[in-house]
Amino acid sequence: MGADPLDLARVQFALTAGTHFMFVALTLGLATLVALTQTRAAVSGSAVHARMVRFWGQLYVINYAVGIVTGLVMEFQFGMNWSGLSRVTGNVFGAPLALETIVAFFVESTFLGLWIFGWDRLNRWVHLALIWVVTLTAYLSAYFVLVANGWLQRPVGFVMVDGVARLDDVGALLANPTALLAFFHVLFGGLLTAGFFMAGVSGFHLLRRTAEVEFFRRSMRIGLLTVMVSVMPVVVFGGMQFQYAQPTKTGGHKAAAAVADFTARFGPDDYRPPVLAGVGEALMMTMWMLMLLVAAVALVKFPFGRWLVRGRVFHVLMIAAVPLPYVAMVAGWVFREVGRQPWMVYGVLKTRDALSPGVGSGTVTVSFAAFSVLFAVLFGVNAWLLARFARRGPEGVGLGAPPPAEPAAPVMSPTF
C-alpha cells in the first residue's frame with residue numbers, strides 16, 4: 001500500500017467506522033432488551049427483573065458512553081480527509097447526518113441521562129417511558145445514518161447542478177430500499193449481538209456455579225430467545241439487499257455492461273470490486289452459519305431450565321460464541337463498503353475525487369497513527385470495563401443504587 005494518501009485515508013476510515021459499528025450494534029440490541037426487561041418489571045413488580053434491568057443497564061451505559069467517543073472522532077474525518085465528498089454531495093449526504101445529530105442523538109442522550117439519574121426519583125412509569133424513548137431514538141439515529149450510507153450505495157432523489165448534487169426528492173432519499181433493508185438488517189444484527197452477549201455473560205456465571213442461579217437462568221433464556229428470534233430475519237433482510245446491489249458487485253452480464261458504461265462515461269478504471277469484498281462476504285456467511293448452529297442447539301435446550309443451569313459444555317459454547325456476531329458485522333460491512341469501490345458515491349463521485357485536496361501522505365500518516373492508537377485504547381477500555389462489571393455480577397451494580405447514608409452527627413451530652 002505504501003504511503004499513498006488515498007489508501008491511508010481509506011484504511012483510517014475503515015478502522016474508525018468498523019470499530020464504532022461494533023459499539024453501535026451492542027448498544028441497539030442491549031437497549032431493547034433492557035427496555036423489555038424493565039417493562040416486565042414495571043408491569044409485574046418482579047424483583048429479579050428489576051435487578052436484571054440495573055445489571056444489564058449498567059453494561060449498556062458503559063458501552064454507550066465509550067461508543068459515543070468513537071463516533072465523535074470518526075466524524076472529524078469528513079472535514080479532514082474527505083472534503084471532496086462534502087463539496088460535491090454535502091447538500092444531500094449531509095441532510096440525514098444532520099437529522100441524526102439534532103433529532104435523534106440529542107434526544108437519546110438527554111433522555112438517557114434522565115433514565116440514569118432518575119432511579120427511585122421518578123414515577124416507575126415515567127422512568128420506563130424514558131428508556132423506551134432512548135431505545136426508539138437510538139433506532140432513529142441508526143436509520144438516518146443508514147439513509148446517508150444507502151445514498152452512497154444507490155444515489156436517488158437528487159439532481160446535479162454545476163457539478164454539485166442538489167436534493168430534489170426527500171421521499172426518495174428517506175425511502176431508499178438500500179437504507180430501509182439495511183436498517184432492518186442492522187436492527188436484527190444488533191439484537192443478535194445483544195442476545196449472544198447476554199447468553200455469554202450468563203453462561204460465564206452459571207459455569208462458575210454462581211449463587212445467582214435464578215437471575216442468570218432468566219438472563220440466559222432472554223439471550224437465547226433473542227438469538228433464536230433474530231438469526232433468520234438478519235439473513236433474510238441481508239439477502240433482500242442483493243436485488244439492489246451494484247451491478248459491478250454481483251458479477252455476470254450486468255457487471256460487464258456496467259463496466260462498459262462507466263468506461264464510456266468516466267474513462268478507463270478498475271470498476272470491479274476488490275477481492276477483499278468477496279472475502280468479507282464469505283466470512284460473513286460463515287459466521288452466520290455458525291450462529292445458526294448455536295441457535296439450533298439453543299432451541300433444543302431452551303425448554304429445559306435445568307439443562308440451561310447445569311450444561312457446562314453449553315455454557316462454554318455460549319461464552320465462545322460471543323464474538324461471532326461481531327466478526328459477521330465487520331465482514332458484512334467490508335463487503336458492503338469495499339464492494340462499492342472505486343466509487344465514494346456509486347456512479348457519481350469516485351473515491352479519489354472525494355479526497356481532500358492538498359492532503360499529503362505525512363498528514364494522513366500522523367492522523368492514522370493517532371486514530372489507531374486512540375481507537376485501540378478505547379476498544380480495550382470498553383472490553384475491560386464490560387468484562388470487569390459483568391464479572392462482578394448483580395451484587396456489584398452501581399446503576400440506580402441509593403447514595404450512601406450520611407453518618408449521623410454525634411450526640412453531645414450537656415455539660416454544666
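Let me begin with the contacts of H205. Leaving out residues up to four places away in sequence, H205 touches T210, F216, A390, R391, R392 and G393, where contact means heavy atoms within 4.5 Å. H205 sits in helix α6; helices here are DSSP runs of H or I with at least four residues, strands are runs of E with at least two, and both are numbered from the N terminus. With a relative accessible area of 5%, H205 is buried. The term buried stands for under 20% relative accessible area, exposed for over 50%, and partly exposed for what lies in between, with a 1.4 Å probe and protein chains only.

A word on the source. This is a predicted model, in which local features need pLDDT of at least 70 and side-chain atom pairs count only at pLDDT 80 or more, while totals for chains, interfaces and linings use all residues. Residues are numbered from 1 along each chain as its sequence is written, and side-chain values use heavy atoms, with hydrogens and water left out.

Now the whole chain. The protein contains 15 helices and four strands. Its radius of gyration is 24 Å, close to the 22 Å that the globule rule gives for 416 residues, so the protein is as compact as a globular protein of that length. That radius is taken over C-alpha atoms, and the rule is 2.2 Å times the number of residues to the power 0.38. Along the principal axes, the C-alpha atoms fill a box of roughly 100 × 65 × 40 Å. Of the 416 residues, 51% are buried. Among contacts with a separation of 6 or more, 82% join residues 24 or more positions apart.

As for the surface, the protein exposes about 19,200 Å², and carbon and sulfur atoms supply 71% of it. These areas come from the Shrake-Rupley method with a 1.4 Å probe; for residues, only the protein chains shown count as cover. There are 29 positive and 19 negative side chains, and the centres of the two sets lie 14 Å apart. Lys and Arg count as positive, Asp and Glu as negative, with His and the chain ends not counted. Each charge is placed at NZ of Lys, CZ of Arg, CG of Asp or CD of Glu.

Which residues have the most contacts inside the largest nonpolar core? They are W56, L59, L85, W115, W151 and L224, in a core of 101 residues. Helix α6 (residues 177-207) gives the most to this core, with 15 residues. Apart from this core lies another, of nine residues, among them A17, W333, V334 and F335. A nonpolar core here is a set of buried Ala, Val, Leu, Ile, Met, Phe, Trp, Tyr and Cys residues joined through side-chain atoms within 4.5 Å. Beyond four places in sequence, W151 touches T89, V92, F93, V156, F158, A165, L173, N176 and V345.

Two further helix positions deserve a slide. T16 lies in helix α1 (residues 5-44) and is buried, at 0% relative accessibility. Setting aside neighbours within four places in sequence, T16 is in contact with M74, Q77, F371 and F375. The C-alpha atoms of T16 and Q77 are separated by 9.4 Å, and the two residues are 61 apart along the chain. L97, in helix α3 (residues 83-117), is partly exposed, with a relative accessible area of 22%. L97 touches F78 and A148, not counting residues up to four places away in sequence. Between L97 and V147, 50 residues apart along the chain, the C-alpha separation is 8.5 Å.

Most residues other than glycine have a negative phi, and most peptide bonds are trans. Where is the peptide bond that is cis, with omega near 10°? This bond runs from Q341 to P342, and P342 is found in the loop between α13 (324-338) and β3 (343-345). D120, although not a glycine, has a positive phi of about 60°. D120 is in the loop between α3 and α4 (124-153) and is exposed, with a relative accessible area of 61%. R209, also not a glycine, has a positive phi of about 60°. The loop between α6 and α7 (213-240) holds R209, which is partly exposed at 47% relative accessible area.
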